[in-house]
Amino acid sequence: LPLLQQQRIQLDLDSRKQSIWAAAQAAAAEAGGVIPESSSGDLLDEVANLVESPTVIRGGFDPAFLELPDDVLVMVMRKHQRYFPVFSPQQQLLPAFITVANGPVDPAAVAAGNEAVLRARFEDASFFYREDMKHQLADFRPKLKGTLFQKDLGTIYDKNLRVEALTPALAAAMNLATATETATAAAALCKADLATHTVTEMTALAGTMGRHYAQKQGLPEDVCTAIFEAVLPRQAGDVLPQTPAGVIVAVADRLDSLVGLVAAVGAPSATADPYGLRRAAYGMLQALVSNNVSLSLKDAVAMAAAQQPIKVSQQQQEAVLEFVGRRLEQLLVDSGVSTEAVRAVLAERGDDPALASKTATQLQAALDAGDASPLKSIMTALSRPTRIVRGKSVAENLAMDHALFEHKEEEDLFVAYQAVAQQLASAGSRQDVEEWLAAVQGLVAPIDAFFDKVFVMCDDEKVRNNRLALLRNVAGVAKGFVDMSMLPGF
């Protein structure tokens, strides 16, 4: 160890990262700037794993290159050269960079060598950018015809047309019709930057350059934003779409991929996901949930299926829904909701991810509250009629006959059920957990009284069926809300 320390070799990765980060920030401060926190993630990890005896060096570049978009310059520095960019306290990119050499070096010589390499990289980027700026963003769209998406589904251009065609119907289904015009305009251009020189060289800038070029040619800002948001999220932890038009296009693009590719090649296996469908499904769900946008997945999948160039069978549509449903379950569990609560909610509300997320979060809070919430007493009460009717043959159309009520408790339970059913109906299908609990709480006492006084499985078949029909209806008050049988303690 003394020998290693003498050679300035740092064995511990975390210590090495801390040392690099502190020295890099100090070097950036000498240039009057700071390194953004975003560089302390993957870039710092990569750099720390490339060196064992880090030597931090500051270099610079011609300020004339600052005429290029910051995103392009930062991408060249980070991706191609693994340099840390330097920004002013006002978040303006400065003509400086921080690099990390391995072992003792001549700082001036290393800085000069890195500056020369970076200058060549920036000159290339400048050429690509200038070439792109000679054209309107829409001019690049036809060039997508030369890039295959999937052999049965056509080119990227064909996919772009499908996304554009899907957008208006999807906007209506999301109750975002006011954003239809903006979303449709953005959908038409959301893939165009894939054919630009800059994005061809730096694919991670897809969406970013689309927005930039759209802004440069004077398109409405909401359209420019939606073009960028269409690619979001790009990876785990990325920002999510926030505007209505951006959400619509982001969902439409991923929905087209999911439906088309499952029909063409099948859902991903446990070991292979060559088209990134898990990421696509997860990102689509994140966009809906984070913005609380209601959408029927079943209807949306059917809309996307209608746009595909190949037949998408009902079975394949169900496969898409099952695949997305598993991603939704994972998303909600990752948010801190127990698996039992998530599955109980998805059994009834899984078709609407935003509603399912809201319900699952509220249900978990009620479960965590214990006796402080009426949920526990309601579960206990509803478990009794549920267990009685489970496995019994009770016709769905069997109506209750008041004349067959023999006990006051039967009438009381029937009246209480009618009041609760009416209250739930007036609240609509999207009532939250507190509203549902407040309404259903009125059934607890009548249920307990009923089972204290009434023998359900009596000899008289008509009376028995009448009581089973009543209990079937009472047990069904959770229908469309949550499957109580999946909750612990039911």
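**Exercise 1.** Classify Arg162 as buried or exposed.

Solution. Step one: the relative accessible area of Arg162 is 6%. Step two: buried means under 20% relative accessible area, exposed over 50%, and partly exposed in between, with a 1.4 Å probe and protein chains only. Arg162 is therefore buried.

The model is predicted: local features need pLDDT of at least 70 and side-chain atom pairs count only at pLDDT 80 or more, while totals for chains, interfaces and linings use all residues. Residues are numbered from 1 along each chain as its sequence is written, and side-chain values use heavy atoms, with hydrogens and water left out.

**Exercise 2.** Determine which residue forms a salt bridge with Arg162, and which network contains the pair.

Solution. Step one: a salt bridge is a side-chain nitrogen of Lys or Arg within 4 Å of a carboxyl oxygen of Asp or Glu. Step two: the closest N and O atoms of Arg162 and Asp256 are 2.8 Å apart, and the two residues form a salt bridge. Step three: this pair links distant parts of the chain, with Arg162 in helix α6 and Asp256 in helix α11, 94 residues apart. Step four: salt bridges with shared partners join Lys159, Arg162, Lys191, Asp253 and Asp256 into one network.

**Exercise 3.** Describe the salt bridge of Asp256 with Lys159 and the burial of both residues.

Solution. Step one: the closest N and O atoms of Asp256 and Lys159 lie 2.9 Å apart. Step two: Asp256 belongs to helix α11 (residues 244–265) and Lys159 to helix α6, 97 residues apart in the chain. Step three: Asp256 has 2% relative accessibility and so counts as buried. Lys159, with a relative accessible area of 3%, is buried.

**Exercise 4.** Characterise the packing of helix α6 against helix α13.

Solution. Step one: helices are DSSP runs (H or I, at least four residues), numbered from the N terminus. Step two: α6 (residues 156–173) and α13 (residues 297–307) pack at about 155°, with axes 10 Å apart. Step three: angles over 145 degrees count as roughly antiparallel, and α6 and α13 are therefore roughly antiparallel to each other. Step four: contact means heavy atoms within 4.5 Å; Arg162, Ala165, Leu166, Ala169, Leu170 and Ala173 in α6 meet Ala300, Met303, Ala304 and Gln307 in α13. Step five: the residues of this contact divide into 8 nonpolar, 1 polar and 1 charged.

Technical notes: Axes are lines fitted to C-alpha atoms, for helices over the stretch in contact, and angles run from 0 to 180 degrees between N-to-C directions. Helices (H or I, at least four residues) and strands (E, at least two) are DSSP runs, numbered from the N terminus. Angles under 35 degrees count as roughly parallel, over 145 as roughly antiparallel, 65 to 115 as roughly perpendicular and the rest as oblique. Ala, Val, Leu, Ile, Met, Phe, Trp, Tyr, Cys and Pro count as nonpolar, Asp, Glu, Lys and Arg as charged, and the others, Gly among them, as polar.
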